[in-house]
Amino acid sequence: MGVFRKQASPPDEKDSKSTLGLRLNVFFFSTFIIFCVIIIRLAVIQFVEGPTLTEVETSRDTKSVPLASIRGSILAAGGEKLAYSSSVQTLYVTLTQEYTAKMVDKETGVSSLKPEARANAYALANSLVAKFNEYGDPNGEKLTVNDVISSFDLYFKKSSGYVARKIKSGLTTKEIAYFMEHKSEYPGLEIVEEGIRHYDKDTVAVQTVGYIKPFKSSNTLDIYKNIQNAMKKIGADPGLNYKDDEFVGFDGLELQYQRELRGKNGYQVISVNPQNMAEKIEKVVPPEKGNDIWTTINKNVQLKTEQAILDQIRWLHSNTVQGKTHPDALTGYAVAMEVDTGNIVAMASMPDYDTNVWTAPKLEADVWNKIMNNYQNGTITPYSSGLSGHGFSSSVFLGSTIKPLTVLIGLEEGFITTHTSYTDTGSTKFGKAGHETTVRNAGGHSYGYFRTPADAIEKSSNVFMIDKIGKKLYEKYGGKGVEKWDKYMKDFGLGVATGVGLPNEYKGFLNYFKEAESGSVQSALVYASFGQQGSYTALQLAQYASTIANQGERIKPQLVSKITDSSNNVVKTFGREVLSKVDYDKSYWNEVIRGMKSKVSSFDDFPYDFARKTGTSQQQGKGQLRDNGVFIAFAPRNNPKLAVAVVIPEGGFGSNSAAPVARKIFDAYDWEYGLDGVPKKSLKPADGGADGGKGTDNTAATNN
């Protein structure tokens, strides 16, 4: 009988059971973790990302279409409207698919309107034209059926399908009444209030005020590039969106204060179908009118300034000065800036033009050819308001108007004192021995003995500036002399932005750096010392004159005094702002200002003691040097109220070309405000001196 033996389990059976259990535990634990992750993710989607996702989903079904706001006005100091918008009522139609349904030819793949959609579109166009003819202005522009069909943009070449189409602007009250009463007969029809931009027909400071262009034509400017990028972001305020045909600031104050003037667009929320066509208007948010900008420009002073420049140019064409006329003097620039406030009361770039050309339906080629050299602001840019006969721009060398600052530099550096005497022999030399260059005074004059530096300023001595300051800077600083000169220039606003904030402001052409590289540092400093090495704008010259009048305080030029809303509430005000300051000994200022008394016959009967400096800068034109007239002044001398700078390219000596313009500016300001604080218009009958003062003597003077 055999013996029964119990069969032993495989040696790894226990291990297998243990492994299976472990796997089951890992599976159930992993499943638990996955479910936890899913639950947490669902919670995040519902409570955290839900609003954003809902907005994204909604944006697929609705679109926001902007409604343009009424642009604010730009006003002169007295409240006169320099730029303003008048309200007009405009008819828009938002087309549904019944007007735009397409079909595609299977053979050619060409898309065209379905016959019923085409019939509907033409029926609507015919109905609109009939009502325009019945209720519209009989003397107004007549729209045809084809005009309206073109406005429909049935093939979406101009706008997306859901965007409202602009059909007619400037509706009459009868048209408005009819369409509002029969709105149910015209699905998608809306009448929207819009603004048409106008500019003062007197052409007041037009380059300073600036102009506007359609938004779609303004994408070269950074401000609008940034706006376009912001408009693409999900969740952006629909009121910040711009319409392609909306007019926006493109230059001058119109651009500088674009955000304030524009206000805030309204918008329509429109539901769309999968074909991106409008179904209905869900919501309308009305636009907010823009704010008004109050400038510091006095309209009367501005117009007197503009006329003075034009009169002086004509005078130079027909009158002989220093043995010749100046037919190539074609342009002129002037800035009048209050010394105590920084307010710009006049900023003239002549010739000017009528800014209303920019809001015409089309800028014709012949119109553009007439204004292409006049539309930019020559008081802040070198692009000028036209060009002189030999193509000289509005930014010219300072000429002798630099000499008050040259003397200040000499005093501050210790090269001279307020008691330094000097004998002017009419010429001086600089450069290496045997290779010297001779420089002379204007006209070769020898002025003889100067008791103090003030005499050198008054006589406008080139050789004093060279011997006592230009050469000395080179001796003291060597190769670094130009950098030292440049710092002094910038302290007085020459070579830096004035702070006015207008677009495209030019900082100046600092030729002394170029001369130092191509010639020598010494020659750069020599020529700079009497004003032949730096080109600056009329506004920079006015700020420079104001800085001398303020004895070292460089004041920001102010073109805007306040901003008000549509209810005339003050939103913001602007006041005196010091940009920088230099602290020189009081005696230095007294000496320099005492020397600013160039002989100018146009001021012979001026009732105020005033500080002034004439200048004549020279440029090469067609093989010979041409003279540009420059003049700076402030009045009264001991209690300065107004600083003025005038530039007449190719006008000859500044005393003959620029100074007479400045005289008329001072007279106009005295009439309106009073250089002594008493407006002269308040003391005289309405017809006794309303021209802003006495006539100006334009006869020649001997100083440059």
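Which helix does F35 lie in? Before the close-ups, a quick note: this is a predicted model, where local features need pLDDT of at least 70 and side-chain atom pairs count only at pLDDT 80 or more, while totals for chains, interfaces and linings use all residues. Residues are numbered from 1 along each chain as its sequence is written, and side-chain values use heavy atoms, leaving out hydrogens and water.

View A. F35 sits in helix α1, residues 13-47 (helices are DSSP runs of H or I, at least four residues; strands are runs of E, at least two; both are numbered from the N terminus). At 52% relative accessibility, F35 counts as exposed (over 50%; buried is under 20%, partly exposed in between, with a 1.4 Å probe and protein chains only). Together with I34, I38, I39 and L42, F35 makes a nonpolar surface patch of about 520 Å².

**View B. Helices α16 and α18 side by side.** The axes of α16 (481-491) and α18 (521-529) come within 9 Å and cross at roughly 25°, so the two are roughly parallel (angles under 35 degrees). On the α16 side, G481, V482 and W485 meet V521, A524, L525, A528 and S529 of α18 (contact means heavy atoms within 4.5 Å).

**View C. N273 in its loop.** Look between β10 (266-272) and β11 (278-285) to find N273. With a relative accessible area of 11%, N273 is buried. T62 is 211 residues away from N273 in sequence, yet their C-alphas are 8.6 Å apart in space.

How values were computed. Patches are made of residues with over 30% relative accessible area and no salt bridge: like charges are joined within 9 Å, nonpolar side chains (Val, Leu, Ile, Met, Phe, Trp, Tyr) within 5 Å. Accessible areas come from the Shrake-Rupley method with a 1.4 Å probe; for residues, only the protein chains shown count as cover. A salt bridge is a side-chain nitrogen of Lys or Arg within 4 Å of a carboxyl oxygen of Asp or Glu. Axes are lines fitted to C-alpha atoms, for helices over the stretch in contact, and angles run from 0 to 180 degrees between N-to-C directions. Angles under 35 degrees count as roughly parallel, over 145 as roughly antiparallel, 65 to 115 as roughly perpendicular and the rest as oblique.
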